[in-house]
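Subject: Handover of a structure

Dear colleague,

The structure you asked for is below. My notes on it follow.

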Amino acid sequence: MEVTPNHTQTVTGWAAMNESGKVEPFIFKRRENGVDDVTIKVQYCGMCHTDLHFLQNDWGITMYPVVPGHEITGVVTKVGTNVSGFKVGDRVGVGCISASCLDCEHCRRSEENYCDKVTLTYNGIFWDGSVTYGGYSNMLVANKRFVVRIPDNLPLDAAAPLLCAGITVYSPMKQHGMLQSGGSLGVVGLGGLGHVAVKFAKAFGLRVTVISTSPAKEKEARERLKADDFIVSTNQKQMQAMTRSLDYIIDTVSAKHSLGPILELLKVNGKLVLVAAPDQPVELPSFPLIFGEHFIYLSCFSASCSVVQHTVETGGFSGSVGVTQLNLVGAGKRTVSGSMTGGLKETQEMLDVCGEHNITCDIELVSTDMINEALARLARNDVRYRFVINIGGNARL
């Protein structure tokens with residue numbers, strides 16, 4: 001049992017004890033509610049793919065025992081004397097971040113996720129030296145800065161994954177101008193992150209193309225999520241037909257894959273944003289960024305400068321001597337970037353947008369005694385589209 005000064009509240013949770021990743025009941029201590037704190041009775045907690053990585057120590061940084069969960073919704077049961085924005089009975093949530101320095105340039109701009117001293121909601125270290133435990137537990141104490149309000153029209157279970165999946169796609173969409181009507185967006189991967197990206201894009205009037213390795217997802221993408229187009233990424237003919245058709249792409253795939261074919265779908269000045277965290281590096285060839293699908297170069301092989309014309313496909317160029325001219329045929333000038341969740345101000349903004357447009361996640365609700373079974377299915381991507389644990393065991397709130 002983890003005990004540090006002022007950690008006196010006994011909590012029931014579910015933790016993995018080793019790299020097997022198997023979760024079991026776990027009793028631990030949380031701190032008392034401080035003057036700036038909010039105590040929350042946890043009702044629901046979403047199951048993120050990141051949970052799998054931490055449970056199995058895929059990134060080599062897990063501190064066991066680990067209590068996962070950073071998509072937490074519940075009801076306020078106590079507030080500190082310095083808390084004015086929340087009261088007992090409020091419907092609230094806690095996402096990926098539980099602390100930051102509150103004083104750096106990033107914190108002052110409410111970009112707490114980029115603070116050098118950011119503390120994750122689980123598998124982090126608090127200022128008192130204690131390890132943070134997440135939402136696979138029946139109660140949580142959180143600093144008021146890191147608590148957000150859930151709009152009344154959103155059910156707490158289907159809203160829970162918005163605290164990770166929702167803000168993870170909303171933040172780069174806002175930053176890169178993707179939330180503007182009339183643009184075209186490609187969403188790579190139709191899972192927990194991808195289906196929310198589709199919902200945001202449709203709400204803001206974009207033309208959406210889902211890019212997936214699974215042909216079986218086309219019907220759901222088009223009929224349920226109202227995607228405009230669907231591409232099977234392993235179908236070369238379909239991919240070529242959509243070359244240079246998209247303004248933006250959000251890549252939500254958490255497995256190793258090549259970005260080269262995906263980049264070919266972007267227009268000139270197109271933007272690709274990575275929001276998932278594969279446990280192995282993705283492949284990023286440089287030529288689709290610079291030249292596009294193919295280019296023609298002229299080269300001199302002798303003093304008499306006999307000119308030979310070559311067409312080189314993307315990824316096939318290994319260098320040439322005596323290059324005298326480049327004649328660009330494809331579309332380059334593409335940008336690739338990454339994005340990691342969002343700050344607290346932006347997270348609240350995202351939730352308010354969801355309330356306005358009635359955007360929630362498509363979920364499968366599981367009981368606490370089925371967590372391991374759900375994790376096994378999550379590892380196989382066998383979920384539509386997010387598991388949520390019914391921590392409180394109550395009727396839908």
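To start with a loop: Pro65 sits between helix H1 (49-55) and strand E4 (72-79). Helices (H or I, at least four residues) and strands (E, at least two) are DSSP runs, numbered from the N terminus. The bond between Tyr64 and Pro65 is a cis peptide bond, with omega about 0 degrees.

This is a predicted model, in which local features need pLDDT of at least 70 and side-chain atom pairs count only at pLDDT 80 or more, while totals for chains, interfaces and linings use all residues. Residues are numbered from 1 along each chain as its sequence is written, and side-chain values use heavy atoms, with hydrogens and water left out.

Confidence

The mean pLDDT (the predictor's confidence in each residue, from 0 to 100) is 87 for the protein, and 87% of its residues reach 70 or more. Residues 294-331 have a pLDDT below 50; in the model this stretch has 76 contacts beyond near neighbours in sequence. Contact means heavy atoms within 4.5 Å.

Six strands form an open sheet in the order E12-E11-E10-E13-E14-E18, with parallel pairing. Two strands pair if DSSP finds at least two bridges between them. Strand E12 (229-232) and strand E18 (335-338) are the edge strands, each pairing on one side only. From one strand to the next, the twist averages 20 degrees. Helix H5 packs on the sheet, where it touches strand E10 (184-188) and strand E11 (207-212), and its direction makes about 170 degrees with that of E10. For such angles, axes are lines fitted to C-alpha atoms, for helices over the stretch in contact, and angles run from 0 to 180 degrees between N-to-C directions.

Val273 is opposite Ser337 in E18.

His195 belongs to H5. It counts as buried because its relative accessibility is 0%; buried means under 20% relative accessible area, exposed over 50%, partly exposed in between (1.4 Å probe, protein chains only). Leaving aside neighbours within four places in sequence, His195 is in contact with Leu190, Leu225, Cys361, Asp362 and Tyr385. Tyr385 lies in the loop between helix H11 (371-379) and strand E20 (386-390), and a cis peptide bond joins Arg384 to Tyr385, with omega about -5 degrees.

Helix H10 and its ends

Helix H10 (residues 344-357) has 14 residues and reaches 20 Å from its first C-alpha to its last, close to the 20 Å expected at 1.5 Å a residue. The expected span is 1.5 Å times one less than the number of residues. Buried residues of H10 include Leu344, Met350 and Cys354. Among the elements covering the buried residues are strand E9 (148-149), helix H4 (165-175) and H5 (192-203).

Thr341 is in the loop between E18 and H10. Although not a glycine, Thr341 has a positive phi of about 40 degrees, and it counts as buried at 9% relative accessibility. Asn358 follows H10 and also has a positive phi, about 55 degrees, without being a glycine. Asn358 is exposed, with a relative accessible area of 52%.

A hairpin

Strand E1 (residues 7-16) and strand E2 (residues 23-31) run antiparallel, joined by nine bridges. They form a hairpin with six residues between them, and Gly21 in the turn has a positive phi of about 75 degrees. Ala15 has Glu24 in E2 as its bridge partner.

Regards
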